[in-house]
Amino acid sequence: MNAPAAFHEGEQAMQARAGMQAQMAQIGPRVLRDHMPEQHRTFFGLLPFVVVGSLDARGQPWAGVLAGAPGFMSSPDPTHLHVRARPLPHDPLNATLHDGAPLGLLGIQPHTRRRNRMNGTARLEDGGFVVEVGQSFGNCPKYIQAREPVWMPQAPAGQLAYEGPVLDEASRRLVRAADTFYIATAHPEAASGGEARHGVDVSHRGGAPGFVKLEGDVLTVPDFMGNHFFNTLGNIAVHPAAGLLFMDFERGDLLYLAAQAQVLWDGDELASFDGALRLLRMRVTHARRVQGVLPLRWGVAERSPHLDGTGTWPRAQDGQ
């Protein structure tokens, strides 16, 4: 019996449309592992935070974050990652983290522009949980704004400032100003615990401030040249839901969004943004904004040099 392909049907469809399917069929088995290499195992142990993708009972993906003093994550062997942290107040992980929960993890070190991704299954334990690795792979440093996080052990507990089916004005300001956000997606069979390629994924998106266009409660984001894995867009092709996480790097506020998503491959709007190969359009269905909850503070960002060939939106956004 042939081994299953490294990429699922949604990822393959996106690769085919980009003219990369044959090439990625060769690359995928070499870079998508069922374990973490030593470099990745060490890397997670250096980080003061990790971005986590999870699913609620309705199959809606959410992007959340766990934080702790460096060393709060450790890997005793290549197929397990121990995470000794509890979800932050009001983080969706408080409801979605349970034994057997499918998770996607993004370990990212913004000031060095290093990032590694993995997905797997959670097993709860005292003080945190263990993830059994399904897939593990590295990512390129493109589009990461270099800012260094500093762990703040005495950060405030955080206050739920807003929750509702649309964005409030403070949330709109955060989205409009963003140069970074995180996006969680999933295959529709992620909760069944089957093949590793049918898991939850969480990824990084970066651009110049204002790269997220906001019209009402619809976000439109350019998709630049990447690694052609199409994990995010491939998931959206077969399960058009996404969870977004925006961070206020000065105040520690977090904005969690649930959205319905689609990928646009052509049109005048796409042509208007230099460097964009596709557009990702997301309609917000739920918003939750928490003030001062992230126990990290960040240095001044250094713009990614990979953004030098990209443009900006040509018209004012949402009444600006």
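A: **One residue and its surroundings**

Arg117 is buried, with a relative accessible area of 5% (buried is under 20%, exposed over 50% and partly exposed in between, for a 1.4 Å probe and protein chains only). The model is a predicted one, in which local features need pLDDT of at least 70 and side-chain atom pairs count only at pLDDT 80 or more, while totals for chains, interfaces and linings use all residues. Residues are numbered from 1 along each chain as its sequence is written, and side-chain values use heavy atoms, without hydrogens and water.

In the chain, Arg117 belongs to strand E6, which covers residues 114–125 (helices, H or I, of at least four residues and strands, E, of at least two are DSSP runs numbered from the N terminus). Two partners can be named for the side chain of Arg117: the backbone oxygen of Val202, reached at 3.5 Å, and the side chain of Asn231, with which Arg117 makes a polar contact at 3.3 Å (N or O atoms within 3.5 Å, one able to donate a hydrogen and the other to accept it within protein, adjacent residues counting only if both atoms are side-chain atoms).

The surroundings of Arg117 take in several stretches of the sequence. Once neighbours within four places in sequence are set aside, Arg117 is in contact (heavy atoms within 4.5 Å) with Leu105 and Leu106, with Gln135, Ser136, Phe137 and Asn139, with Asp201, Val202 and Ser203, and with Asn231 and Thr232.

**Charged pairs elsewhere**

Across the model the count comes to 16 salt bridges (a side-chain nitrogen of Lys or Arg within 4 Å of a carboxyl oxygen of Asp or Glu). One of them joins the side chains of Arg17 and Asp266, at 4.0 Å from N to O. Because Arg17 lies in helix H1 (residues 9–17) and Asp266 in the loop between strand E15 (254–264) and helix H7 (268–271), this pair ties together parts that are 249 residues apart in sequence. Both Arg17 and Asp266 are exposed.

Another salt bridge links Asp217 with Arg172, the closest N and O atoms being 3.3 Å apart. Asp217 sits in the loop between strand E12 (213–215) and strand E13 (218–223) and Arg172 in helix H5, so parts 45 residues apart in sequence are tied together by the pair. Here Asp217 counts as buried at 18% relative accessibility, and Arg172 likewise counts as buried, at 13%.

The side chains of Asp308 and Arg303 also meet in a salt bridge, 3.9 Å from N to O. At 58% relative accessibility Asp308 counts as exposed, whereas Arg303, at 42%, counts as partly exposed. Salt bridges can also join into a group, as with Arg205, Asp223 and Arg278, which are linked in a network of them.
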